[in-house]
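Q: Please take a close look at one loop in this model, then follow the chain on to the metal site. What stands out in the backbone, and what holds the metal?

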Amino acid sequence: MISEKPSNFIATLVTAISDCSLYTVSHPAVKELSQKVLNLSGKLFTDGAFSITLLGGNMLFNDSPVGEEGLHIDTLKKKMRKKGIEKIIITNGVTVDELLRLISSMAAIEETCVSSDHIRVGTVQVKLRASGDDAASLMEENVATVREVYQEFSRFKKLDMVSIENAVLGFIMALKREAKVLRIKSQVKSYSEYTYVHASNVSVLSVFQAEALGLKGEILYEIGIAGLLHDVGKMFVSKDILDKNTGLSHDEWEIMKRHPVYGATYLSTLQDAPKVAVLAAFEHHMKFDGSGYPDTRKRGKKQHLVSQILAVADFFDALRTERPYRKAVSMETIIKLMKDISGKDLNPLLVDNFVAALTALKRIESI
Ligand SMILES: [Fe+2]
Ligand SMILES: [Fe+2]
């Protein structure tokens, strides 16, 4: 019979993980919490071990539902999903160092959680691991995942957040290996193809900018998700309007302009969508100077930094992509156009950051 509630253990573990992402693994608060995790785990062993499993959307403790759901359990579920972890088994004899290693690898977005003598980490097979070392094929696989998610969405209006999260993780990994993966695909034939290719491009380009700004960890990941979902509201606009390449009537255009509101409303109903993704879906057509749509000027609302990052990526990708009715615009022309609207439509600091990061690649012509 165990003498401690699994939910207390999970809450302490999650607090240790978030403190570790805020500070470092050697911070006294993290060490103290790890010791607490160790003490609590001592009270949970049955037959010398206990396990935490993620099954579908549920969390199991020793193969039974953990019971009290709550914020900490939700956070651990998300952490495990992001890491592709299906099961954690802790056995008697576990040390504070082993727990610290688990905690720090769960806190760092890029790190893989590995097993140790007394902690077994069972991972699901995440697609990105199957693709070898080639950044381009990793990218292709993840874009294919995004395509499936969007196809599924148009059929059932259901968004597979787990696949979205895995694809963003794959984009981040691919970007870290090779920045030229920024060049995903610049030619699309149909509108449905444009939907997922554009979403993937905006996601990668936004993460690229955010990294160049010095952002790290969780927020990078959330920006990637926001990029992938910024136009999800278009899935609620009739296909007849979307398929029209040019020449929307006034009324059709008014409907089209509702996609930020549709997207934000839909995403706000999803438990797993980051807040910043909801915000960015709403604000990505607002402009730096307060114009654009939805018109929130009366409320004095300013565009959030993440929405501004997405707006830069959105502008860039819309011009770079070749569509059946329009040729792709050259990199030099896009940069010139961006500079022209810098300070009006786009945040000038972000334009400078983006152009400098692209220039630093020294491969502008090959992107
Ligand atoms: Fe949009
Ligand atoms: Fe867009």
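A: Asn-62 sits in the loop between β2 (58-61) and β3 (64-65). In this predicted model, Asn-62 has a positive phi of about 45 degrees, although it is not a glycine. Asp-63 lies in the loop between β2 and β3 too. Its phi is also positive, about 70 degrees, and Asp-63 is not a glycine either. Most residues other than glycine have a negative phi. Asn-62 counts as partly exposed because its relative accessibility is 27%. Asp-63, at 53%, counts as exposed.

Another backbone feature is a cis peptide bond between Tyr-293 and Pro-294, with omega about -10 degrees. Pro-294 belongs to the loop between α13 (275-283) and α14.

Asp-231 bridges the iron ion (ligand 2) and the iron ion (ligand 1), which are 3.7 Å apart. Asp-231 lies in the loop between α9 (218-229) and α10 (239-243), and Asp-314 in helix α14 (residues 305-320), so the pair ties together parts 83 residues apart in sequence. Both Asp-231 and Asp-314 are buried.

Helix α14 itself has 16 residues. From first C-alpha to last, α14 reaches 23 Å, close to the 22 Å expected at 1.5 Å a residue. Of its 16 residues, 13 are buried, so α14 is largely enclosed by the rest of the structure.

Definitions and conventions: Residues are numbered from 1 along each chain as its sequence is written. Chains are lettered from A and ligands numbered from 1 in the order in which they are written. This is a predicted model: local features need pLDDT of at least 70, side-chain atom pairs count only at pLDDT 80 or more; totals for chains, interfaces and linings use all residues. Side-chain values use heavy atoms; hydrogens and water are left out. Donors are N, O and S atoms within 2.8 Å of the metal (3.2 Å for Na, K and Ca); water is not among the atoms, so sites may look incomplete. Helices (H or I, at least four residues) and strands (E, at least two) are DSSP runs, numbered from the N terminus. Buried means under 20% relative accessible area, exposed over 50%, partly exposed in between (1.4 Å probe, protein chains only). The expected span of a helix is 1.5 Å times one less than its number of residues.
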